[in-house]
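Keep the sequence and the structure in view while reading.

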Amino acid sequence: MRLQLYGHSCRYECENLCRVFFPYSPVEVVNGLEEAPAGLWAQALAEPSPGGFRLAARVGDGERVVSLERTVPMVEEYPLTRMLYEALVRITGTRPAWGMLTGVHPVKLLRQTVKRLGSQAGMEEYREKWQVSPRKAELAGRVLDAQREAAEALGPDDFSLYVGIPFCPTRCAYCSFISQDIAQAQKLMDPYFQLLLAELERVAGIAAALGLRLVSVYIGGGTPTTLTAEQLRLLCGEISRLFDMSHCTEFTVEAGRPDTITREKLEALKAAGVGRISINPQTLSDQVLEAIGRRHSAADVEAAFALAHQVGFQNINADLIVGLPGDGLAGFQNSLQGVLDLGPANVTVHSLALKRSSRLVVEDGDISSHKKAEEAAAMVEHSIRRLTEAGFLPYYLYRQTRMAGNLENTGWALPGSVCRYNIYTMDESGTVIACGAGGVSKIKDPYSGDLQRIFNFKYPYEYISRHQEVLERKDGVIGLYEQFRQRLH
Ligand code: SF4
C-alpha cells in the first residue's frame, strides 16, 4: 500500500491505521501527493484554507475511491486520523473490533479515561472516540475490574523481578523471539548461566541499597526448563538467597514446552518455592503441533499436567493460540475444552502475531485473508464465552501488531489466582527489573507515573561478551530512583 502524506506530522498514526486494515501489506510512505496513484493507496493531507485548514483522507483500491474532508481551525491528529479510519472502514467494509486503537495499551487507556471522567462517561468516550466495539470495551472493563486488587496492593517501593532464559528445544514456526534452539546454542548456555547469576547479584545489591521490596518473580524465556534440574535448583536458590523474599507473594517459572518437563525439574522448582508454572500446549491438535514445529504431542501436555499436579503444583497456566495454520474453530474449541479438562488455574489465549522474521511468514507468505481473520475472531469469541462459563476472569490483556484478525491476548484466571507480575508488566503499572538477554527493565516513578526503560543486550552472545556494560546499565536504576525521590521532596 502507498500512503501519501501532506501538511502534517501524523505519519506514525496514519501508518499504524493502514496496518490495522492491511496487516501484511508493506506500507510505503510517500511525503507529498501523487496525481494518479495505482493499486492500493491512501492519502492524509492538511492544507490552509479559508476558515482554518482543510483536512482530507482518501483511500483507493484501484476500482473505487472513498474521499472525506472537513475544515478545522487548526491541524490536530485526532480529526485527521478519524477521517482516515472512516475512509478505510468504507473501502474495506470492515470495522475493526478495537477500532482506532493502535500502539496503546487498551486497558491502560480505559483506566486513564475512567479516572478522568468516571465509569459511565469514561466507557462511553472509550467506545465512541476510539470506535471500540461494545464487546471489546466490555472485555477491557472486566480486565480493569479484575486488576483492581493487584493494582491497589502495589506500594511505591515494590518491584518485580524478571529473569530471561532465551533458549528453546527447537524453534516454533511462528516465533520471532530471540530464543535460540539449544542444539545451536549449547556452548553458550553455561557461560550465560554464570553471568546471569552475576547480574542477579548486582540487582539484589541495588534493590537492598534502595530499600526496594520484591513482590513477584517471573522466570520466562524462551523455555526456562531447557535448564537442567540442577541449574533450576541453583537459579531459584540464588534468587531466594540474594533477595529479601519476605514480601514476595508469587514465584512463577514458565515451564513452557512439555518436552522439557521432567519430574526432577518440577521437584526442584517446587522445593525452591516456585508456586506457579506455565505448561503451554498452544493447541491440542497433534497435526497443528507438527505444522508449527513443536516437538511434542497433546499426550505430552496431558502427562506434564498430571506430573505437575502429582508434584503439588496447583497454580498452572496453559497458553493457547488462535489462528494457527491448519487449525479451525472446531479444532480450537476442542483444544480449549481439553485444556479446561486438565484443571489449569490460568489460561492465556493468544492471537497469532506474525512478525516478518518468523518462519511462517518467511515461508508461507500472506496469511491475512478476511476468512482467516473472521475465523480467528470467532475463536476468541468462543474463548471469552467458554472461559467465563467456567468461572475464569479476564485479568490482563495486550495487543501486538500483525495479530490474526487484529485481536488481543488475554490472560484468564480463576478467582484468587491472578499473576500480579503479568498485570504489572503488561500494563506498565509497576517496576520490573529484568535480568538476562533481551530483558527490558521498566522503572516506574511511583509518584509521577513516568516510566524509564533500561535495555539488556538482545542476543545471548552479546549478553556474554558485553556483560560489564549490562551491569553498568543496571546501576542506572539507582540514579532513577534517586531522581524520583528527590522530585518528591
Ligand atoms: S517456545 Fe516460545 S520462545 Fe521458544 S521457540 Fe517456541 S514460541 Fe519461540
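Predicted model: local features only at pLDDT ≥ 70, side-chain atom pairs only at ≥ 80, totals over all residues.

Start at Q282, which sits in the loop between β11 (276–279) and α9 (286–291). Q282 has a phi of about 70°, a positive value, although Q282 is not a glycine. Most residues other than glycine have a negative phi, and most peptide bonds are trans. Is Q282 buried or exposed? With 7% relative accessibility, Q282 counts as buried, because the cut-off for buried is under 20%.

Q131 also has a positive phi, near 60°, and is a residue other than glycine. Q131 belongs to the loop between α4 (119–130) and α5. Its relative accessibility is 16%, so Q131 counts as buried.

A further backbone feature concerns a peptide bond. The bond from G221 to G222 is cis, with omega near 15°. G222 is part of the loop between β9 (213–221) and α7 (229–242).

P460 lies in helix α15, residues 460–465, and is buried, with a relative accessible area of 0%. P460 and Q194 are 266 residues apart in sequence, and 12 Å separate their C-alpha atoms. C435 is in strand β16, residues 431–435, and is likewise buried at a relative accessible area of 0%. Between C435 and Y424 there are eleven residues along the chain and 16 Å from C-alpha to C-alpha. Helix α5, residues 134–153, contains D145. D145 is partly exposed, because its relative accessible area of 47% lies between the limits of 20% and 50%. D145 and A291 are 146 residues apart in sequence, with 38 Å between their C-alpha atoms.

Next, the division of the chain. How is the protein chain divided into domains? Domain 1 covers residues 2–92 and domain 2 covers residues 149–480. The centres of domain 1 and domain 2, taken over C-alpha atoms, are 38 Å apart.

Now the cysteines. How many disulfides does the structure contain? With a limit of 2.5 Å between cysteine sulfur atoms, the count is zero. C18 is buried, with a relative accessible area of 0%.

Which residues come nearest to the ligand? Of the twelve residues around the ligand, these are C168, C172, Y174, C175 and R257. C172 counts as buried, at 8% relative accessibility. By class, the shell around the ligand is made up of five nonpolar, four polar and three charged residues.

The last topic is empty space inside the protein. Rolling a probe the size of a water molecule over the atoms shows where empty space is left. A search of the whole structure finds one cavity of 30 Å³ or more, and the volume of the largest cavity is about 30 Å³. Which elements give two or more residues to the lining of the largest cavity? They are α13 (370–389) and β15 (409–413). The largest share of the lining, three residues, comes from α13. The lining residues are V349, V380, S383, I384, E408, T410 and W412. By class, four of the residues lining the largest cavity are nonpolar, two are polar and one is charged.

Conventions. Residues numbered from 1 in each chain as written. Heavy atoms only, no water. 1 Å grid on protein atoms, 1.4 Å probe; cavity = no way out; pocket = protein on both sides within 12 Å on 5 of 7 lines; lining within 4 Å. Points joined across faces, edges and corners; volume = space filled by probe spheres on them. Helix = DSSP H or I, 4+ residues; strand = E, 2+ residues; numbered from the N terminus. Nonpolar A, V, L, I, M, F, W, Y, C, P; charged D, E, K, R; others polar. Near = heavy atom within 4 Å. Domains from an automatic or database assignment. Buried < 20%, exposed > 50% of the residue type's maximum accessible area, 1.4 Å probe, protein only.
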